[in-house]
Structures are given as structure tokens and as C-alpha cells.
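Biologist: Please present the model, and let us then discuss its helix packing, its annotated spans and several individual residues.

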There are 2 protein chains.
Amino acid sequence: MATSKSVNFPRIIIIGGGFGGIQLAKNLEDKEVQVLMLDRHNYHTFQPLLYQVATGGLEADSIAYPLRKIFKGQKNFKFRNAEVETIFPERKAVSTNIGEFYYDYLVVATGSDSNFFGSKTLEHYTMPMKTIPEALNMRSMILQNLEEALIETDPVKKEALLNFVVTGGGPTGVELAGALSELKRHILPKDYPELDMHDMNIFLVEGSPTVLGPMSPQSQRSSHEFLEELGVKVLTSMRVASYDGDKIVLSDGNEIVTRNVLWSAGVRGVVPEGIPADKIVRGGKIQVDVFNRITGYDDIFAIGDVAAMITGENPHGHPGVAPVAMQQGQHLAVNIVRIINKEAPLPFKYKDKGSMATVGRNRAVVDLGKIRFQGVFAWFVWMFVHLMTLVGFRNKLVVFVNWVWSYFSYDRGTRLIIRPFNRQSMTEDTKVK
Amino acid sequence: MATSKSVNFPRIIIIGGGFGGIQLAKNLEDKEVQVLMLDRHNYHTFQPLLYQVATGGLEADSIAYPLRKIFKGQKNFKFRNAEVETIFPERKAVSTNIGEFYYDYLVVATGSDSNFFGSKTLEHYTMPMKTIPEALNMRSMILQNLEEALIETDPVKKEALLNFVVTGGGPTGVELAGALSELKRHILPKDYPELDMHDMNIFLVEGSPTVLGPMSPQSQRSSHEFLEELGVKVLTSMRVASYDGDKIVLSDGNEIVTRNVLWSAGVRGVVPEGIPADKIVRGGKIQVDVFNRITGYDDIFAIGDVAAMITGENPHGHPGVAPVAMQQGQHLAVNIVRIINKEAPLPFKYKDKGSMATVGRNRAVVDLGKIRFQGVFAWFVWMFVHLMTLVGFRNKLVVFVNWVWSYFSYDRGTRLIIRPFNRQSMTEDTKVK
């Protein structure tokens, strides 16, 4: 019987069911290994579309997919819904909230979390968006603050409820600011006829001189123009110096009163306990060699957002995007089998297929190497690529139906306050991840 | 300007945006009144499909609809997202968490909540399903207990995790038990190949001698047979005597170890503070006259589940179903205008269009007066009627797509643990409503 025989195959523990972990596990199907995936969620999250959940465009369930279902029928795969606590390399063990597990090979594919650059007040008062519960919290906060603005009589407090500040001009920040402005233009005037939508301001604060830093100058320029066309106030070469829950102080000394600070200013690796501090480099990532091996170990690997593969060619490592994680997952599957078979592993090479970002209806930017285009066609390409990358036919179908519906109706599906957000008691607990 | 003129029109406050409140407000459009609706949620919940959310068949967002959107463009309508605290009839005022509001006419359309018949332990340990957050809690509990069953080594504890007890053989209980059994048959074996699904038991406990008490004997018999075909153990003339979180004691002395008690055994009216206790009758409902007026007041009304219109013809009042609430809402709109115009109100007459319940794929029962049918055709009728009653074209479309998908794929969309449910700290707080 396959099951009892497989007990003697080497056991590979994968921590994390993101893009990298999934590709790795998939590519180990039919190999003579046992795969155990651990994740604190029982589902995979399609993070590139989280901003549409946060702004009421899509249901949470459409961009998530049960991990067990992804691996339905894969005989050498097991899943445990567990929170990893500590790695014990000397014992080849991983402790979790449901007990200890032993590995022959361990892969850290834990991804990244919001980076508040050490500020406890920013972490406390701003709203991050890296998980589905966080996106739902953000949706609730936006809608609850609009409800509150309706009944607020103090003009400064009302202004704070209607000012939205998005931090970080990467794809997430740009997409979030764009989606907010479409809410403001097409949806909120109908929902809140009592509010004057001219009072609602959307700011995008970016530290560097341009938005979409890693993209081409054309894409940077176009997306900046698109944002301004949509009424977003883009503040580049600007940082948030402080935020006390009511007022942002910017690096140039200017202030914005706001109760809505949507944090997408940076990410840092999620490193489990037990990885020595000297392996952790800039951005809280784990330094790996060209085989994704954590330096100093021959049985522990890291892939995706949490891994920093710093080489002469790539002094800053790879960008923190899904294709890097997916390619590293695929590649590591090959390498782990080679290592088990006592063959030399092959170095990882990233094939950059391009990058894209969307600002709003008919407004997106696409860089495919030397081929660059912006506007309507780019927007359709963006939608097509994202639909195709979504896991599961039902999700593709439901998202497609929603997008077609929104396109023709200028409407969005879903703006329910399902997880009421209590600002007064905003603690680690209420900010469920 | 219409707005300033309307300030002098009588103000009608409607507490609750359920089926009754919505029909009332809709039917007051273009009348010379101001309508203010108060609801603790910013959305209408289509309660008849909550069980599909709880069992992973539908997204929460597909069966809810933003209240503001329902009344988009209705000039004499305002909505406030507020929790009503107390009614002060002598001052014609309603106090809420966001301040006081004054009315000329007040309509209590607060619906019903789960009835635990005074038992604090049942309320504490069982899982109700009257709101979207509760349905999501139930979904999380079911999935978390299955995950736990996988790793539980104590056989009795494992049995408790795999025993599901649904209390109450009304439409909700029947539909929930049926949906659980379809999960067990078609979905869970693929998701949990490590669990032996024969160990999973589903019990339906009903106090009276038959399920679906108010329906025809044919429908009662068929639904009972359908449930047994699906493997549900139907225990009629049986009650839950006690439950301590681990073990149910039944009224015949038998015991079932279970961590999953899904409570649909009864409802009681949600009566705001300030309604005198002598107006409240059996089931926690408010006694109203044939004009839906609360006895003793000429400016306070109650409609729908919270109202008990007890007459010679109807000694038990009307059934707690959507059509009663909707018809009372429509009718009260006419009566309020008549009362404002100093005309005599007209007595309410319920037009019973029939009732239906579904047990599972191809298995439903329908009573339309003397016309009664069961099985596949009834199931299609049930789906058609529910689709048509859903608010909003997008919701109809998304639910339709999901149902068609499930029908052909024997699959269900969504089984994510998005609101992790912590049994240890199960308090009023974590049981968010």
C-alpha cells in the first residue's frame, strides 16, 4: 500500500501555503517524499486582489481557496492548520500550537507582513492589508467612518473621517488609492447623498520621487497621471513622520487630519523563531544561497517573500512578487529531489516576465521587458492575467461575473460591515490577522 | 426644495431593515412622510439562506445587501447604522448608541433572535445562526472541529468532534441537517481523506412528533424520508435536556457526546427596552391589534417576527416567516398614510402563498394550499423562489452561478475559516452577532 510504504520516504515540511509553498508541494507530487504543509489559515490567499476586498469590489471568499482542496488527491501530501512556534534545527523539529513535527527537509515559505519600521504607534493606529481578515477590517473601518462622518457635527472631526491617506506608492498603494477614488466617484454619492463627496480627500504618500519605483519611467509617469485624473493627491518624496490616530505629520512638516490611514508602505519577512539572528538581513528576510538554502544549513530552505537571495547580479535580492515565489517553489522541488538523490542542486534563475499595476477602470500600466503599454488595453491585460492566476474555476467565474457586472453597472458588489471594527479597543486581538 | 419642505412631514422611524422594514419603507416612497430606518447592521440579511453560508455553499456577501443601496434615490428615506437602546413613548423618542431620534410614528421591525428557553448553558455552548456573523462563526466551528478531529487521539474526544447535533426540525434545522449531510457525502471525503466519514454522525432533534410541523403530512413524511436517505438520524418527540459543551443529555435519558450543537430550536422576538412587559406575550413577541398597532398606543406599531397578532381566527398569531413580515410592511404603509390623513386604518389579512423547505440536492417539499409536491421539481421551485426573492441583481447572479456550479461539480465554493472561533474564550464578545 502506497501510504504505508511512503512512511519511509523523506519528510518535507513546508511552512506556509502562499504562492511559493503551493508550487513546491504541487511539484513534489509523485515524487518519493512525504509533504506536510503547515499554515495558520486553512486557505490560500490571492494577495494581489486583497485591495478589491478592502474596497468592496469582491467577496473575500472569491480570492481565497481552501488549501486542502488545492491538493485533493495528492497522495503524498498532508495539511495541518497550525501556527508554527519555533524551529529546532538541531532536533530537526518544528513546534506548533498543535504539537511538534519532525522533518528531513524544512522549507520556510512564510511570506511577508506589514513593515511599520519599528513604530508601535503606526502599527497600532494604521490599517494594514496583508491578509483576508485585515482586508475585511479595512472595509469595515472605511464604511464605519463614513457612517460616522454623516452624524459628526464637529468640522475638524468630520474632515478627519473623510480624509483617506494611503501610504506607499507600490502596486498595492496605487491600486488601493485608485479603488478608493472609484468608490468616491461612482458608489458613495449614491449611498451617501447626505455627504458632500467634495469633502472626501484621498492622499497617496510615497517616500521616493516616483510611484511604482521598480517599473519603467513611462509606467511611473502614466500611473501618476491616472491617479491625479482620478482625484488622488499624490505626495512623492514624502514620508509619514508620525500619526497619533487623529493627525498625520508629514516629513515636510505639513499635517493631515485623518482617521483613515491605510498602510501599504512596506513589508518585512515573517521569520519563525529559531532561525539565528545572523541569518536575517534587510527587510527582515532570511539570507539564502542560490539554491534557496539558508546559509549554514543543508536541510533548511526559504523561498518567496521571506527569502533574500543576494548575489553579485542581484545585490538587493528579488522583488517580493508572486512569480518569484512560484518559480522558487518549482525550482526547489527539483533541487530537493536532486539532493535526496545525492545529485548537485542547480542554481535558481529568475525569469522576469514583466510587471503590471492597475489604477482604475480603463487605467493600468504594463511593462513586459521592452514592451510597455498603458491605458485600456493594459487594463484588460491586467484583468486577464489576474483572472488566470486565481486558484480554482469557481473563483475565476465568480470574480469574472463581478468584474463584468461592475464594468457595466458602475457598481460594486459588497460593502457590508461584517466585522465591526472597534477603534477604541483596537488591540492585537481586534486586529485579527 | 423638496428636502426642506419634507422637514415638516411626519417622521416615521423604522427599527430594523429586515423583510418587514424594507417593504414598509419602500411603500412609503413618494408619500408625504420622512422615513428614518435604524439598524445595527448596514445590510439586509436574507435569512432563509443563512444555512448555506454556515455550510460553505455561499459567500456571506451574496445573501446580504447594503441597506443604503436598497433605498438609493428614495428622497424621503434616511438610514442610520445604530443600535437602538430604549424607546421613550411619552417623549416620542428612541435612544441609540449614536444619540436620540424623535418620531411621530414608530415601527418596531426588529425580528427575532434564537430562543434558548432561559438556559444560560445552552446559550453559552451551542451555536446559533440568526445573523451573518453567526453563520460565519458556525462555518468556522464546523471546519475547526474537523481539523481538530484529524489530530485528536482520544477516541471519545474524537467522536465528540465528529458528532453534529442540529436542534429543531423546522425549515432551518431540516435545511441545515441536510446541508451537513451533503458536505459529509460529497465534500469532506475529498478534503479529509485521513478521516473516516463513517465516524461522522448528524442528528436532528425535534420536540414534536414530526419535522416541519406547520406543513402538510405529505411534506412532513417526505422530508423525514429525505433526511434519512441522506443519513441524518432524525430523533422526533425528543428534546435536549442539558448540554455542558461536551455531552448532550436527551429527554429520554440517552446521551450524545458532541462538540457541535447547532441551535435552531426556536426563536423569540427582539423587543427593545421601553415596551411595557404587559405587552409581551408568548415567544417574547409584542401583542398588536389587527392594524399592527401595539395595544395601548396609537403611534407605535410592530410588524413581522416580533409582532403577535392574536385574533379569534389566529389564536397563535402568524408564522414567523418572510411573507408575513413583507405583507405587514406593505399593509402598514397604507395604514400609516390613512392614519395621517385621519382615515380609519384597514385590518391586516395574511395571504398565505404556501411554504417550502429543501433537504438537499433534488430533495425539497412544497405546499401551495391543496397543491403539494416533493422531490426534484419541488427543489427547482424552491431554488427559483429563493433566487427571485434575493435582493439585488448581482446577488441573484452570483448565487445562481454558485448553485449551477455546485450542481454539476458536486462541489461547494467556500470553506474558509475566516473568523477563527475560540471555544475556550467563548463569551458574548466572541459570539459576535
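Predicted model: local features only at pLDDT ≥ 70, side-chain atom pairs only at ≥ 80, totals over all residues.

Modeller: Residues are numbered from 1 along each chain as its sequence is written, chains are lettered from A and ligands numbered from 1 in the order in which they are written, and side-chain values use heavy atoms, with hydrogens and water left out.

Biologist: How many nonpolar residues are there in the contact of helix 2 of chain A with helix 10 of chain A?

Modeller: Helix 2 (residues 19-27) of chain A packs on helix 10 (residues 322-340) of chain A at an angle of about 25°, with the axes 7 Å apart; helices are DSSP runs of H or I with at least four residues, and strands are runs of E with at least two. The pair is therefore roughly parallel (angles under 35 degrees). Contact (heavy atoms within 4.5 Å) involves residues including Phe19(A) and Leu24(A) of helix 2 of chain A and Met326(A) and Leu332(A) of helix 10 of chain A. By class, the residues of this contact comprise no charged, five polar and, as the number requested, seven nonpolar.

Biologist: Is helix 11 of chain A roughly parallel or roughly antiparallel to helix 12 of chain A?

Modeller: Helix 11 (residues 376-389) of chain A meets helix 12 (residues 393-409) of chain A with axes 9 Å apart and an angle of about 155°. Among the residues that make the contact are Trp379(A) and Trp382(A) of helix 11 of chain A and Phe400(A) and Trp403(A) of helix 12 of chain A. The contact has nine nonpolar, one polar and one charged residues. Because angles over 145 degrees fall in this class, the arrangement is roughly antiparallel.

Biologist: What percentage of residues 376-393 of chain A is helix?

Modeller: An unreviewed UniProt entry annotates residues 376-393 of chain A as "transmembrane region". The end C-alpha atoms of this span are 25 Å apart.

Biologist: How far apart are the end C-alpha atoms of residues 11-329 of chain A?

Modeller: UniProt, in an unreviewed entry, places "domain: FAD/NAD(P)-binding" at residues 11-329 of chain A. This span is 29% helix and 27% strand. The separation of its end C-alpha atoms is 16 Å.

Biologist: Is Asn335(B) buried or exposed?

Modeller: Asn335(B) is placed in helix 10 (residues 322-340) of chain B. Leaving aside neighbours within four places in sequence, Asn335(B) is in contact with Phe291(B), Pro345(B) and Leu346(B). Since its relative accessibility is 0%, and buried means under 20% relative accessible area, exposed over 50% and partly exposed in between (1.4 Å probe, protein chains only), Asn335(B) counts as buried.

Biologist: With which residues is Val337(B) in contact, leaving aside its neighbours within four places in sequence?

Modeller: Val337(B) also belongs to helix 10 of chain B, and its relative accessible area of 19% makes it buried. Its contacts, with those neighbours left aside, are Leu28(B) and Lys31(B).

Biologist: What is the phi of Lys92(A)?

Modeller: Most residues other than glycine have a negative phi. Lys92(A), in the loop between strand 6 (84-88) and strand 7 (93-96) of chain A, is partly exposed at 29% relative accessible area. Its phi is positive, near 55°.

Conventions. Axes fitted to C-alpha atoms, helices over the stretch in contact; angles between N-to-C directions. Parallel < 35°, antiparallel > 145°, perpendicular 65-115°, else oblique. Nonpolar A, V, L, I, M, F, W, Y, C, P; charged D, E, K, R; others polar. UniProt positions renumbered as here; feature names shortened; annotations may be inferred.
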